[in-house]
Amino acid sequence: MRTTDIWFASFLQLKGYQLSNFSILTSGKGSFDFVISEEEWKTMHLAFNSSDISKIKQIQLSLKDLL
């Protein structure tokens with residue numbers, strides 16, 4: 001499975017999932033591949049959405065909007 005969300009990729013690694021590949025899309029942007037089933041992917045997305053990491057991400061994005 002692949003994500004371009006560096007926050008979600010970080011969350012997956014924190015939860016023990018190994019990064020299997022990555023691609024550079026543009027400077028500072030990329031995609032991250034993980035070996036994970038679709039069911040686990042959905043479960044991890046739900047866990048991420050209710051996590052403190054997701055809350056920090058949203059706060060950071062809001063602060064960036066102020067700049």
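Mentor: The model is predicted, so local features need pLDDT of at least 70 and side-chain atom pairs count only at pLDDT 80 or more, while totals for chains, interfaces and linings use all residues. Residues are numbered from 1 along each chain as its sequence is written, and side-chain values use heavy atoms, with hydrogens and water left out.

Trainee: What volume does the largest pocket have?

Mentor: The volume of the largest pocket is about 180 Å³. A volume is the space filled by probe spheres set on grid points, which are joined across faces, edges and corners.

Trainee: What makes a set of points a pocket and not a cavity?

Mentor: On a 1 Å grid over the protein atoms alone, a cavity is a set of points where a 1.4 Å probe fits but cannot get out, whereas a pocket is an open set with protein on both sides within 12 Å along at least five of seven lines.

Trainee: Which residues line the largest pocket?

Mentor: The lining consists of Thr4, Asp5, Ile6, Trp7, Gly28, Lys29, Gly30 and Phe32; a lining residue has an atom within 4 Å of a point. Helix H1 (6–14) and strand E3 (29–34) are the elements that give two or more residues to this lining, and E3 gives the most, with 3 residues. Helices (H or I, at least four residues) and strands (E, at least two) are DSSP runs numbered from the N terminus.

Trainee: How does the lining of the largest pocket divide into nonpolar, polar and charged residues?

Mentor: The division is 3 nonpolar, 3 polar and 2 charged. Gly counts as polar, Asp and Lys as charged, and Ile, Trp and Phe as nonpolar.

Trainee: Why are E1 and E2 called edge strands?

Mentor: The open sheet has the order E1-E3-E2, with antiparallel pairing. Strand E1 (2–3) and E2 each have a single partner strand, so one side of each lacks a neighbour in the sheet.

Terms used: Two strands pair if DSSP finds at least two bridges between them.
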